[in-house]
Amino acid sequence: MKATAIAPANIAFIKCWGKKDDVLRLPLNSSFSMNLSGAFTTTSVDFSASYKKDIVELVDGTFSQKETERTVSHLEAIRKYLGVSTFARIETKNSFPKGAGAAASASGFAALTVAAFASAGKEVSEKELTIFARRGSGSACRSIPDGFVLWKYGETSEDSYAHSVYPASHWDLRDVLVFVDTSMKKVPTTEGMENIKTSPFWQERVAGIPKKIRKTKEAFDEKNFSLLGEIIEAECVNMHAVMMTQNPPLFYWNETTMKIIQEVKEWRAAGLPVYFTIDAGPNVHLLCEAKNEHVVTEKARAISDVQLVLINSPAQGAHLL
Ligand code: PMV
């Protein structure tokens, strides 16, 4: 039976950098994110006795051998769990450039997980889906539940899952995603995170996360935008400071990233409430309230070297089509 699922990418306000188990992808800390309406992956899975091996296709692009292997091994884990031996054809399509630090692996593994279980005719709970998606790519678990999502730190696989903390309708925020480079990032997150403990700052970072999550929830409960903005910017810089002080050091930002950071500070000084956050790549997410979406988008488009601007509102999680 062929099943098709759609899953959003997500942007972490409080981020995951570092895993304590690289195979199960158990994180060193909890993280909190927003699902993105404009950046999503649509994936079909068709388990059928007619296939002699797994077939993986990316519409409008190609998967590297490594990406294909990672996809097939995720499917293999699901197959093992379900006790199925049939091969499948997987067809996947992204609405945005993959591999540029815009979380295509999150939306990709979330959509794949939901479609694979449905194609096999197996109903599982949302919690179980998040646990499986996490094993494909950590942050993928946050793309399954709706709206604003917490991925819980846990000692065991069963205990590290994601759940919705606020529905998408809770707060009409905008994430204006500014691409300054749409090519594949040079160091994938899995690889980059392995060296976290070579940074002299990693323990302090991990120890500070519970307080940041508490403060983020406070900002959400009060809909206090400047409080949220201050937390997410400081958190983003903290994660990148750890990356930059690892051995070998990891620099994901480029000149345009830095230029946008400076611009954001100037726009804010001039009275426009907008804050930045950046994942494992040079692209910048500009967070603002819905009423400022147009002015922030215009300003972002006017910056030279900006390649693409994607506007996102809070979105529901992965679901079947
Ligand atoms: O857990 P992964 O491998 O999908 O990597 C996510 C890493 C960051 O995007 C930098 C942070 C995050 O929590 O999304």
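In what order do the four strands of the open sheet lie? I read it as β10-β11-β9-β12, with antiparallel pairing.

Some ground rules I noted. This is a predicted model, where local features need pLDDT of at least 70, side-chain atom pairs count only at pLDDT 80 or more, and totals for chains, interfaces and linings use all residues. Residues are numbered from 1 along each chain as its sequence is written, and side-chain values use heavy atoms, with hydrogens and water left out.

**Entry: the sheet**

I checked the edges next: β10 (275-277) and β12 (308-312) each pair on one side only. Pairing here takes at least two bridges found by DSSP between two strands. Helices (H or I, at least four residues) and strands (E, at least two) are DSSP runs, numbered from the N terminus. From one strand to the next, the twist averages 25 degrees.

Then I followed β9, residues 173-179. Five bridges join β9 to β12, and the two run antiparallel. I picked out Leu177, whose bridge partner in β12 is Leu310.

What lies across the sheet strands β9, β10 and β11? I found helix α7 (residues 255-269) there, running at about 20 degrees to β11 (284-289). Axes are lines fitted to C-alpha atoms, for helices over the stretch in contact, and angles run from 0 to 180 degrees between N-to-C directions.

**Entry: α2 and α3**

I moved on to α2 (residues 104-119) and α3 (residues 126-136), whose axes come within 9 Å and cross at roughly 130 degrees. That makes α2 oblique to α3, oblique being whatever is left once angles under 35 degrees are called roughly parallel, over 145 roughly antiparallel and 65 to 115 roughly perpendicular.

Which residues meet here, α2 with α3? From α2 I listed Phe109, Ala110, Thr113, Val114 and Phe117, and from α3 Leu129, Phe132, Ala133 and Gly136. Contact means heavy atoms within 4.5 Å. The residues of this contact divide into seven nonpolar, two polar and no charged. For that count, Ala, Val, Leu, Ile, Met, Phe, Trp, Tyr, Cys and Pro are nonpolar, Asp, Glu, Lys and Arg are charged, and the others, Gly among them, are polar.

I also looked at burial in α3: Leu129, Thr130, Ile131, Phe132, Ala133, Arg134 and Gly136 are buried. Buried means under 20% relative accessible area, exposed over 50%, and partly exposed in between (1.4 Å probe, protein chains only). The buried residues of α3 pack against β3 (26-27), α1 (65-82), α2, β7 (148-151) and β8 (162-166).

**Entry: loops**

Is Asn292 buried or exposed? It is buried, at a relative accessible area of 12%. I placed Asn292 in the loop between β11 and α8 (293-301). Leaving aside residues up to four places away in sequence, Asn292 touches Leu272 and Pro273.

Between α6 (225-244) and α7 I came to the loop that holds Pro248. The peptide bond from Asn247 to Pro248 is cis, with omega near 0 degrees.

Two positive phi values in residues other than glycine went into my notes. Lys223 has phi near 50 degrees and is found in the loop between α5 (202-222) and α6. At 42% relative accessibility, Lys223 counts as partly exposed. Asp305 has phi near 75 degrees and lies in the loop between α8 and β12. With a relative accessible area of 51%, Asp305 is exposed.
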